[in-house]
Amino acid sequence: MSVAPLAARPAPSLRGRIGRDARSGHYAVPGRYRLYLSTACPDGLRLAVTHALLGLDAVCPVTHLPAVPDLPDGGHSALLPLYEASAHRHTGPAAAPVLGDDWSGRVVSVHAQDIMRDLARCFGESGPALYPCGAEGEFEDVRRLCARGVEDAAQRAGTADADPAERAAALDELLAALGELERLVSDRQEVTTRQIVAVDVELWVALVQLDTVHLHHLDAAAVQRIAEHRTLWAYARGLAAHPAFGRRLDLDGIARRHRAHCQGLEAAGAAVGILDWAAHAEAAGRR
């Protein structure tokens, strides 16, 4: 699978943090900040689910962006004023997601993980404890496993013009990662009876991407082996029934975003799929 990136990530300097007092520069004031995101983007979906779990509609409004960026460089024209106000002669793409400061009209941060943590830490007092004390190590382990073992390995396994041995090795890496993640969630099938944490958001979005994007470039045999991790997919199905998760799924947007930047060949996995995400999202919408 050959994929042309929608946009290079913006300069790391656009990585401010929300603090607890005025000395931080970006201190926590309800109504001051705004999220700009597209739920067709994995980071945007992570942020949207986190925002919903914390119940921050009145505290930090969300501006939803199109699934496919409207600028040739992969940026969003709606974000240009924020970037131009934040970086002198900004030349990179005005990429999402972004946490903006409505007071100054500037970008606070483009780093999704920082934004998620800051929203939970500074405004999430009445919501679930998404980052429990002592669980940071587990979160980082799962995040790396999702990024490298699932998303990166799945992309390499679906690269049509790659050496067959390399594709097979990548598939083995993907299956090993799924096995490790399945062991992690083997006691989490009844997701409605326990506390949802940031690990769940990270893993769920990775599974959504795997089933709705990466499987399009894998053969039917590979999809069958992936689907055999039944406990893991039952876990994903359970989370999809939760309103904070299922209601944020934009399946049409994910498909349009994929078509807009994917240069790979479609394989048999495109016709298979593992979960009926549309049905789960519809069920979540009724809750």
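Author: Accessible areas come from the Shrake-Rupley method with a 1.4 Å probe, and for residues only the protein chains shown count as cover. This is a predicted model, in which local features need pLDDT of at least 70 and side-chain atom pairs count only at pLDDT 80 or more, while totals for chains, interfaces and linings use all residues. Residues are numbered from 1 along each chain as its sequence is written, and side-chain values use heavy atoms, with hydrogens and water left out.

Reader: What share of the accessible surface of the chain belongs to carbon and sulfur atoms?
Author: The accessible surface of the chain comes to about 13000 Å². Of this surface, the part that belongs to carbon and sulfur atoms is 50%.

Reader: What pLDDT does the chain average?
Author: The pLDDT is the predictor's confidence in each residue, from 0 to 100. In this chain 88% of the residues score at least 70, and the average is a pLDDT of 88.

Reader: How many helices and how many strands are there in the chain?
Author: Helices (H or I, at least four residues) and strands (E, at least two) are DSSP runs, numbered from the N terminus. Counted in this way, the chain has 11 helices and 4 strands.

Reader: Which residues of helix α7 are buried, and why do they lie on the same side of α7?
Author: A residue is buried when its relative accessible area is under 20%, exposed when it is over 50% and partly exposed in between (1.4 Å probe, protein chains only). The arc is taken from the directions from the helix axis to the C-beta atoms. In α7, which spans residues 220-227, the buried residues are Ala222, Val223 and Ile226. Because they cover an arc of only 100° around the axis, they sit on the same side of α7.

Reader: Which helices do the buried residues of α7 pack against?
Author: Packing is judged here by contact, meaning heavy atoms within 4.5 Å. The partners of the buried residues of α7 are α5 (164-185), α6 (198-212) and α8 (230-240).

Reader: How many aromatic pairs are found in the whole structure, and which kind do tyrosine 33 and phenylalanine 123 form?
Author: Rings of Phe, Tyr and Trp (its six-membered ring) pair if their centres lie within 6.5 Å, and planes under 30 degrees apart count as stacked, over 60 as edge-to-face and the rest as tilted. A search of the whole structure finds 5 aromatic pairs. For tyrosine 33 and phenylalanine 123, the distance is 6.5 Å centre to centre with 55° between the planes, and the pair is tilted.

Reader: Which helices hold tryptophan 204 and phenylalanine 245?
Author: Tryptophan 204 and phenylalanine 245 form an edge-to-face pair, with 5.0 Å centre to centre and 85° between the planes. Tryptophan 204 counts as buried because its relative accessibility is 0%. The pair links distant parts of the chain, 41 residues apart, with tryptophan 204 in helix α6 and phenylalanine 245 in helix α9 (residues 243-246).

Reader: Is histidine 90 buried or partly exposed?
Author: Histidine 90 is found in the loop between α2 (80-86) and β3 (98-101). A polar atom of its side chain lies 2.7 Å from the backbone oxygen of glycine 92. Because its relative accessibility is 21%, histidine 90 counts as partly exposed.

Reader: Which residues does histidine 258 touch, not counting residues up to four places away in sequence?
Author: Histidine 258 has its place in helix α10 (residues 251-261), and at 10% relative accessibility histidine 258 counts as buried. With residues up to four places away in sequence not counted, histidine 258 touches Val213, His216 and His217.

How values were computed:
Polar contact = N/O pair within 3.5 Å; in protein donor to acceptor, adjacent residues only side chain to side chain.
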